[in-house]
Amino acid sequence: MEINIFQYITSMSYWVLTILWLVIVGIYLLKIKQLKSINGFLGGTITVLLMILTIDAVRTIIESVYFGLYFNSLYGLLPKVINDFLSKPYLLIIPKVINIVAGVLIIWLLIHNWLPRELREREESLRDLNEAKQKLTEQSQRLSEVIWAANLGTWECNIESGDCIVNQRWCEMLGYTVEELDSITLDTWNNLLHPDDKIEHDELLNLYVNQKVGSYELEFRMRHKNGQWLWIVSRGRIVEWNDDGKPVRISGTHQEINANKKLEEGDKLAASVFTYAKEGIVITDRAGKILDVNNAFTAITGYSHDEVLGKNPQMFHSGQYSARFYQNIWKHLLENGFWTGEVWNKRKNGEPYPEMLTISAVTDSRGKITNFIGLFNDISAIKQYQGQLERMAHYDPLTNLPNRALLADQLTQSMSRCLRQNTLVGVAFLDLDKFKEINDCYGHDIGDELLILISARMKKVLRTQDTIARIGGDEFVVVMEGITQVTDCKPLLDRLLLAASKPLIINGVKLEISTSIGVSLYPQDGTDADQLLRNADQAMYVAKQHGKNRYHFYDKAQNIKIVNQHEKLKEIANALQEGEFELYYQPKVNMKTGEVIGVEALIRWQSAQRGIVAPNEFLPLIENNELIIKVGEWVIHTAMQQIQAWRAMGLDMQISVNISPLQLQRGDFPTRLANILSSYPDIPPEFLELEVLETSALGDLLKISETMHQCINLGVNFALDDFGTGYSSLSYLRLLPASLIKIDQTFVRDMLIDFDDLAIIESVVLLAKSFRRDVIAEGVETIEHGVALLNLGCDLAQGYAIARPMPAKDIPNWIEHWKPDASWCKFG
């Protein structure tokens, strides 16, 4: 039987379809195996669909095989018997049965594998959801516990509304309760910020919200409820955006970092101290290996940081100390935890230098030493200054001679050697004569130069074993060793006198000076240095009294007299300080007219211990002592005050005061007088009259005359007191500008019975009139004395016949009642 091409293709197509569906079934089965790893609804759905397709594919394969056998046997490609078999009526139902079975399987599969799976998956989803919620709750609880344990405050802010939510810890950090900050906003937040931190906070938050920076983290200060500022570190992130992608909500944490800030500031301060300290600092480990040094260390030692790192501080040893010295340092350091002292170390250039060093041990919490810290100062300048101070303490800076302190030490050593050698030690106390006048006249520069030259001269004439020291302004002491008898001192003393008395020319000025020397001997004149110096000083005082420019050996009996005199001088000085002196006033009058022309101020001493002390008991003691100048200036001040008081009462009265020769001879007397007068600007200077002794001019007459003229230019007047008791030279009357001559009372007292005294008074009156000077007689004790003086032409007088000296308060009353004797008025 012949087959056409159509029949052939139809027959073969079923076999091709069978093969194709077999491949498809293989693919389905492979995919179903792979989909078993996919859980959930999607995986189950795909698996069911693939199984349905597989069943349909199997049905298609069975049908394809059935029809392939049927048509191939029909067209003769297979035996005819197959077609006959398949054409039986009961076999024709096979494809239909296959389709029904496939449909039933699919329905069963859908019912069994899809709908229950969906229910199971929903149940599993709910279970997973509950488990997730439980885990979320547990995680949230753990997170809360972590946040609480970390001491963190949490916050959440709505950027659009500004509302904020904070936790309890956030509030507690600032001292508030949650209720107090229940409705906190961004404005509340900003109000709590420190003013200095607001700008930085707002800028960072704005940049973060606008996504210009990737994170929000900042340290700032917030105000605690108690008003203090608390350091906070704030961290946050955006947790919600709106539909436009703009941030809506931001949340974060707050952590208090006050303690950290203090530690940080402490660390910064420590680092700053380490870096900028003026003291050198070196840090070592426990073994002494250098770990770090600061800038001051480098500046002091010359070593750089890298040059000493890892080295041992032994490299700085100067070599001046033994090993035991350093062993003692380490022993003290380990026992006490520190050591402080002065050491000499060595710089990089090999120069030794002194330093004040403190080494401290650093320990850990268990008390174990971990490090050593050395702190030191370069005290080279201090040492140098100390040397200068020591020299200043022992040497006179002007003359470079030993001073009193070093003299005492050297004198003590000389006394010790004297005892061992069985010899004497001579102590010569020198005081320059007239040095004060030179200093006052020519100035301190000339005076200092004179001291330098004189001290050099005197030092030059000494022996090598002798010592000269300057112990005061113009006072020197010479210690003479190796003396076996008193006469051994005399050649040396003569050389000292000669060296001091040679004229000097300084800045073109020729100066002549001398010295007075007092000598004491050890051991006969004293057993210690102070006693020897005191006795030599007393002997020098005697040398001055005997005419100066000489030496005098200490005499014990004479010393007692001098000591007594010194005690009296001390008593007088104390009386002046305690205000025991007062002035009495004796009127001076014109006997013919009865006019009171003035009063003379006479000093009185109201001693607390001795009662009233007469002037002749204390004035002679101070007339050659500097104390007379203090007393004299007190008299002038007191007189000026009295003139002022009387003028306030309407009484204009001139007061004359006595000026001592020592006071007048001072070069600065006019200056000092001008200063006193300037203290009383309301008093005309002519109300003050200065009485000077005729003997005041026994020195330099021209100089005294110049001094008086300077005082007269100030407005005061002068009277020449006790005229006739001195030389009464015509030169005195010609050169001394005194407007009044006072006849001494010694001539007035006996003028009525002694014709010589009467002749002297007559001569003085005529002499005064010849030089156009007024003349006054003192000591007028009787009316007859007054009559005799008036007969001689002397109209002015003072004395007991007129009035005794009286307190200032009695003068106004006396003047009111004063009347001259009638016999005197006849001469008017």
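**Figure 1. Contacts across the whole chain.** Among contacts (heavy atoms within 4.5 Å) between residues at least 6 apart in sequence, 60% join residues at least 24 apart. This is a predicted model, in which local features need pLDDT of at least 70 and side-chain atom pairs count only at pLDDT 80 or more, while totals for chains, interfaces and linings use all residues. Residues are numbered from 1 along each chain as its sequence is written, and side-chain values use heavy atoms, with hydrogens and water left out. The chain has 29 helices and 27 strands. Helices (H or I, at least four residues) and strands (E, at least two) are DSSP runs, numbered from the N terminus. Of the 828 residues, 41% are buried. Buried means under 20% relative accessible area, exposed means over 50%, and partly exposed lies in between (1.4 Å probe, protein chains only).

**Figure 2. Helix 15 against helix 16.** Helix 15 spans residues 444-460 and helix 16 spans residues 490-501. Their axes lie 9 Å apart, at an angle of about 150 degrees. Axes are lines fitted to C-alpha atoms, for helices over the stretch in contact, and angles run from 0 to 180 degrees between N-to-C directions. The two helices are therefore roughly antiparallel. Angles over 145 degrees count as roughly antiparallel, under 35 as roughly parallel, 65 to 115 as roughly perpendicular and the rest as oblique. Helix 15 passes helix 16 in a right-handed crossing. A crossing is right-handed if the near helix is turned clockwise from the far one by less than a right angle, and left-handed if anticlockwise. From helix 15, Ile 454, Arg 457 and Met 458 meet Leu 496, Ala 499 and Ala 500 of helix 16. By class, this contact has 5 nonpolar residues, 1 charged and no polar. Ala, Val, Leu, Ile, Met, Phe, Trp, Tyr, Cys and Pro count as nonpolar; Asp, Glu, Lys and Arg count as charged; the others, Gly among them, count as polar.

**Figure 3. Helix 22 against helix 23.** Helix 22 (residues 669-678) and helix 23 (residues 701-713) have axes that come within 9 Å and cross at roughly 20 degrees. That makes helix 22 roughly parallel to helix 23. Helix 22 passes helix 23 in a right-handed crossing. Phe 669, Pro 670 and Leu 673 of helix 22 make the contact with Thr 707, Gln 710 and Cys 711 of helix 23. The classes here are 4 nonpolar, 2 polar and no charged residues.

Figure 4. The whole structure holds 18 aromatic pairs. Rings of Phe, Tyr and Trp (its six-membered ring) pair if their centres lie within 6.5 Å; planes under 30 degrees apart count as stacked, over 60 as edge-to-face and the rest as tilted. Tyr 208 and Tyr 216 form a tilted pair, at 6.4 Å centre to centre and 35 degrees between the planes. Both Tyr 208 and Tyr 216 are buried.

**Figure 5. Phe 581 and Trp 634.** The ring centres of Phe 581 and Trp 634 are 6.2 Å apart and the planes stand at 55 degrees, so this pair is tilted. Phe 581 lies in strand 18 (residues 581-590) and Trp 634 in helix 20 (residues 627-648), so the pair ties together parts 53 residues apart in sequence. Phe 581 is buried, at 6% relative accessibility. Trp 634 is partly exposed, at 22%.

Figure 6. Most residues other than glycine have a negative phi, and most peptide bonds are trans. A cis peptide bond joins Tyr 522 and Pro 523, with omega at about 10 degrees. Pro 523 sits in the loop between strand 16 (514-522) and helix 17 (529-545). Asn 549 is not a glycine, yet has a positive phi of about 50 degrees. The loop that holds Asn 549 runs between helix 17 and strand 17 (551-553). Asn 549 is partly exposed, at 37% relative accessibility. Arg 772, also not a glycine, has a positive phi of about 55 degrees. Arg 772 lies in the loop between helix 26 (755-770) and strand 25 (774-778). At 73% relative accessibility, Arg 772 is exposed.

**Figure 7. Surroundings of Lys 544.** Lys 544 is in helix 17. Leaving out residues up to four places away in sequence, Lys 544 touches Asp 431, Leu 432, Asp 433 and Ser 516.
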